[in-house]
Amino acid sequence: MPDLSEQEMFAILREFDTPSITNVVATYPGTENCLGLYNPWTENWYTDTSIRCMYPELGPLVGYAVTCVYGLPDPNYSELSFLDVIDALYASKKPTVLVFEQKFPPEIAEKAGLAGGNMTSAMKAVGCVGAISNGPSRDIDEIRPMKFQYLLSGITPGHGAMAIRAVNVPVSVAGMDVAPGELIHMDENGACKFPADSLEAVVKNVQALRDEEAERIGKLANATSAKQVRAIMSGHSYAEEDDGE
């Protein structure tokens, strides 16, 4: 692969859906194009069904993770504010994805419409392209023209008093554990993470995977028997090795 800038590699990753990225990050250990960065089942490196994509029409995006934790105001701790989140987003390499864990009591957790139009405008101004949270947000209609992606548990119109508990700490959101500075790839399928120093390898392998799958699908389009399908799929995780039947 010729030398590419970081932004050029990000542009390539935006051509692929998130399942393709998971395939090369960890989904198929032992296959040629899988980097095996995590044990695919025991490590929390991609999101679960508890969140959904608000704007699937925006397509895939990628960015550096900036994290924060929200909860109810604590009379013993009021050191941080949303402006500290903005500072962290501004200081990070760009583009960024904000991953914010919501820690509200169960009785209000699904009613905390946390991020809205004002917060989104501020985040976008400092290079943030999307956000992921284990809770709901609001102002979905207002945010839509901003072309800023959200993966959320849902939407709700209001909230009460809330506070920032921590900025740029490890968080766990929708089954995915995220540390600041990791890379996040996200689209309507969900999100996955991988270490920033694996960027070039992920780009190289996902391009190779695309070529491999295009060739395989082309052959499958012309197959007319189970034996032919078995031969084409031989060596791939979906099938056993061809047994010569």
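Buried residues are those under 20% relative accessible area, exposed residues are over 50%, and partly exposed residues lie in between (1.4 Å probe, protein chains only). This is a predicted model, in which local features need pLDDT of at least 70 and side-chain atom pairs count only at pLDDT 80 or more, while totals for chains, interfaces and linings use all residues. Residues are numbered from 1 along each chain as its sequence is written, and side-chain values use heavy atoms, with hydrogens and water left out.

**Salt bridges**

A salt bridge is a side-chain nitrogen of Lys or Arg within 4 Å of a carboxyl oxygen of Asp or Glu. Three salt bridges are found in a search of the whole structure.

| Pair | Closest N and O atoms |
|---|---|
| Glu6 and Lys93 | 3.1 Å |
| Arg210 and Glu15 | 3.3 Å |
| Lys193 and Glu182 | 3.4 Å |

Glu6 and Lys93 form a salt bridge that links distant parts of the chain, 87 residues apart, with Glu6 in helix 1 and Lys93 in the loop between helix 3 and strand 3. Helices (H or I, at least four residues) and strands (E, at least two) are DSSP runs, numbered from the N terminus. Glu6 counts as partly exposed because its relative accessibility is 25%, and Lys93 is partly exposed, with a relative accessible area of 48%.

The salt bridge between Arg210 and Glu15 joins helix 7 (residues 199-221), which holds Arg210, to the loop between helix 1 and helix 2 (18-27), which holds Glu15; the two residues are 195 residues apart. Arg210 is partly exposed at 38% relative accessible area, whereas Glu15 counts as exposed at 53%.

In the salt bridge between Lys193 and Glu182, Lys193 lies in strand 10 (residues 190-194) and Glu182 in the loop between strand 8 (176-178) and strand 9 (183-187), 11 residues apart. Lys193 counts as buried at 10% relative accessibility, and Glu182 is buried with a relative accessible area of 14%.

**A buried glutamate**

Glu101 belongs to strand 3 (residues 96-103). Glu101 is buried yet has no salt bridge, the nearest side chain of opposite charge being that of Lys103, 4.5 Å away. In this count Lys and Arg are positive and Asp and Glu negative, with His and the chain ends not counted. The Glu101 side chain does reach the backbone nitrogen of Ser172, at 3.1 Å. Beyond its neighbours within four places in sequence, Glu101 has contacts (heavy atoms within 4.5 Å) with residues including Tyr70, Asn134 and Val171.

**Cores and helix 5**

A nonpolar core is a set of buried Ala, Val, Leu, Ile, Met, Phe, Trp, Tyr and Cys residues joined through side-chain atoms within 4.5 Å. The largest such core has 28 residues, and Tyr70, Phe100 and Met123 are among those with the most contacts inside it. Strand 2 (61-71), strand 3 and helix 5 (117-125) are among the elements that give two or more residues to this core, and helix 3 gives the most, with five residues. Apart from it lies another core of 21 residues, among them Trp45, Leu183, Leu199 and Val203.

Gly117, Met119, Thr120 and Met123 are buried in helix 5. They lie on the same side of helix 5 because they cover an arc of only 160° around the axis, the arc being that of the directions from the helix axis to the C-beta atoms. The face turned away from this buried side carries the exposed residues Asn118 and Ala125. Gly127, with a positive phi near 90°, follows helix 5.

Methods: A polar contact is a pair of N or O atoms within 3.5 Å; within protein, one must be able to donate a hydrogen and the other to accept it, and residues adjacent in sequence count only if both atoms are side-chain atoms.
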